[in-house]
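Colleague: I've got a chain open and want a quick tour. Can you put it up and take my questions as they come?

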Amino acid sequence: MEHIISLLVENKFGVLARVASLFSARGFNIESLSVGPTADPTMSMITIVTTGDDRILEQVNKQLNKLIDVIKVVDLTEHAYVERETALVKIHTRAEDRAEVFRIIEVFRAKIVDSTPGTYTVEITGDREKVEAFINQLRPLGIKELVRSGRIAIMRDEVKTAVDQRRRPHMVEAK
């Protein structure tokens, strides 16, 4: 089963190496890895996509929580979340294919970020399925080069039910 693990960590030298070493030591493959600073520059968010059974992933989560620079570990696959991935695709620009390339770009709301006499470089952002579908549509036209970012993900806020809203304290009007 695929797991998307979100780690809030101290933004310090060597933290990523320690996290990656933990996965390596347990024999887990990291399928996707993304790291970036948060709104607080002293902390970073690491998003790791990996596969494994629930029992072993639970052990990994416990080990991650023991790392000194790790502040919070969340397996996002247990919650509602939003994910995105970006891909840059360099494709051939033969005259007979240009109309089809533009049609595909429009359908997927991608954009051309660079152009040369022989190629277009196209950027697409979306969930994994959208990026995969876009690449599969372009493949018959001749992909010269392809680069994909790691997936990033963030947990959605909980949806408040009517019962939860009734429990909210009433606001006091200012006089």
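Colleague: Among contacts between residues at least 6 apart in sequence, what share joins residues at least 24 apart?
Modeller: The share is 73%. Contact here means heavy atoms within 4.5 Å. Bear in mind that this is a predicted model: local features need pLDDT of at least 70, side-chain atom pairs count only at pLDDT 80 or more, and totals for chains, interfaces and linings use all residues. Residues are numbered from 1 along each chain as its sequence is written, and side-chain values use heavy atoms, with hydrogens and water left out.

Colleague: How many helices and strands?
Modeller: Five helices and nine strands. The order along the sequence is β-α-β-β-α-β-β-α-β-β-α-β-β-α. Both come from DSSP runs, numbered from the N terminus: helices are H or I with at least four residues, strands are E with at least two.

Colleague: What fraction of the residues is buried?
Modeller: 34% of the 175 residues. Buried means under 20% relative accessible area, exposed over 50%, and partly exposed in between, with a 1.4 Å probe and protein chains only.

Colleague: And the charges: how many positive and negative side chains?
Modeller: There are 26 positive and 26 negative, and the centres of the two sets lie 2 Å apart. Lys and Arg count as positive, Asp and Glu as negative; His and the chain ends are not counted. Each charge is placed at NZ of Lys, CZ of Arg, CG of Asp or CD of Glu.

Colleague: Now some residues. Where is histidine 3?
Modeller: Histidine 3 is in strand S1, residues 2–10. With 3% relative accessibility, histidine 3 counts as buried.

Colleague: Which side chains make polar contacts with that of histidine 3?
Modeller: One is aspartate 75, at 2.6 Å. Another is aspartate 54, at 3.3 Å. A polar contact is a pair of N or O atoms within 3.5 Å; within protein, one must be able to donate a hydrogen and the other to accept it, and residues adjacent in sequence count only if both atoms are side-chain atoms. Leaving out residues up to four places away in sequence, histidine 3 also touches others, including Ile48, Val49 and Leu57.

Colleague: Next, aspartate 69. Buried or exposed?
Modeller: Buried, because its relative accessible area is 9%. Aspartate 69 sits in the loop between helix H2 (54–66) and strand S4 (70–75).

Colleague: What does the side chain of aspartate 69 pair with?
Modeller: Arginine 18, through a side-chain polar contact of 2.6 Å. Beyond four places in sequence, aspartate 69 touches Arg18 along with Leu8, Val9, Glu10, Lys12 and Val15.

Colleague: What about arginine 26?
Modeller: Arginine 26 is in the loop between helix H1 (15–25) and S2. Its relative accessible area is 42%, so arginine 26 is partly exposed. Its side chain makes a polar contact of 3.2 Å with the side chain of glutamine 63. Not counting residues up to four places away in sequence, arginine 26 touches Val60 and Gln63.

Colleague: Over to S2. Which residues does isoleucine 30 contact, neighbours within four places aside?
Modeller: Ala20, Phe23, Ile48 and Val49. Isoleucine 30 lies in strand S2, residues 30–37, and is partly exposed at 24% relative accessibility. Its C-alpha is 7.9 Å from that of threonine 51, 21 residues apart along the chain.

Colleague: And methionine 45?
Modeller: Methionine 45 is in strand S3, residues 43–51. At 29% relative accessibility, methionine 45 is partly exposed. Its contacts outside four places in sequence include Leu7, Leu8 and Val35.

Colleague: Last one. What is phi of arginine 109?
Modeller: Near 55°, a positive value in a residue other than glycine. Most residues other than glycine have a negative phi. Arginine 109 is in the loop between helix H3 (98–107) and strand S6 (111–115), and counts as exposed at 76% relative accessibility.
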